[in-house]
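Please consult the sequence and the structure shown here while reading.

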Amino acid sequence: PSGGILPSIKLVTENEASGRVKEIYEDIKATMGWSFVPETFQMIAHDPSHLDSYWANYKQTMTAGRLDLKTKKLIAYLVSVMNNCGV
């Protein structure tokens, strides 16, 4: 296939989201202060229970603790860059 190494993964876009997925998307945006839902969440939203679990873990990791949220986001960004993720 053209365009990359990985096969295409159908995303559950914000416009397509309904029910529990839509609720989680709204929580993601509100909690993180984002105006959009990142594709990492949209990729796994075909299984609402998986999305729910992933979001709960992500939210727990990304809330302030010993490191503030800004530092955690910077670390996540740098790891993505180092791993050649398209950020």
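Predicted model: local features only at pLDDT ≥ 70, side-chain atom pairs only at ≥ 80, totals over all residues.

**Ring pairs**

A pair of aromatic rings is described by the distance of the centres and the angle of the planes. With ring centres required to lie within 6.5 Å, the count comes to seven aromatic pairs. Among them is the pair of Phe41 and Trp55, with centres 5.8 Å apart and planes at 80 degrees. Because an angle over 60 degrees counts as edge-to-face, this pair of Phe41 and Trp55 is edge-to-face. The pair links distant parts of the chain, as Phe41 belongs to helix α2 (residues 39–44) and Trp55 to helix α3 (residues 48–62), 14 residues apart.

Tyr54 and Tyr58 form a tilted aromatic pair, 6.3 Å centre to centre with 35 degrees between the planes. Both tyrosines, Tyr54 and Tyr58, lie in helix α3, four residues apart, which is about one turn of the helix.

**Accessibility of the paired residues**

| Residue | Relative accessible area | Class |
|---|---|---|
| Phe41 | 1% | buried |
| Trp55 | 2% | buried |
| Tyr54 | 31% | partly exposed |
| Tyr58 | 21% | partly exposed |

Phe41, at 1%, is buried because its value falls under 20%.

**The cluster**

Which residues do ring pairs link into a cluster? The cluster consists of Trp34, Phe36, Phe41, Tyr54, Trp55 and Tyr58. Both pairs described above, Phe41 with Trp55 and Tyr54 with Tyr58, involve residues of this cluster.

Technical notes:
Residues numbered from 1 in each chain as written. Heavy atoms only, no water. Phe/Tyr/Trp six-rings, centres within 6.5 Å; stacked < 30°, edge-to-face > 60°. Helix = DSSP H or I, 4+ residues; strand = E, 2+ residues; numbered from the N terminus. Buried < 20%, exposed > 50% of the residue type's maximum accessible area, 1.4 Å probe, protein only.
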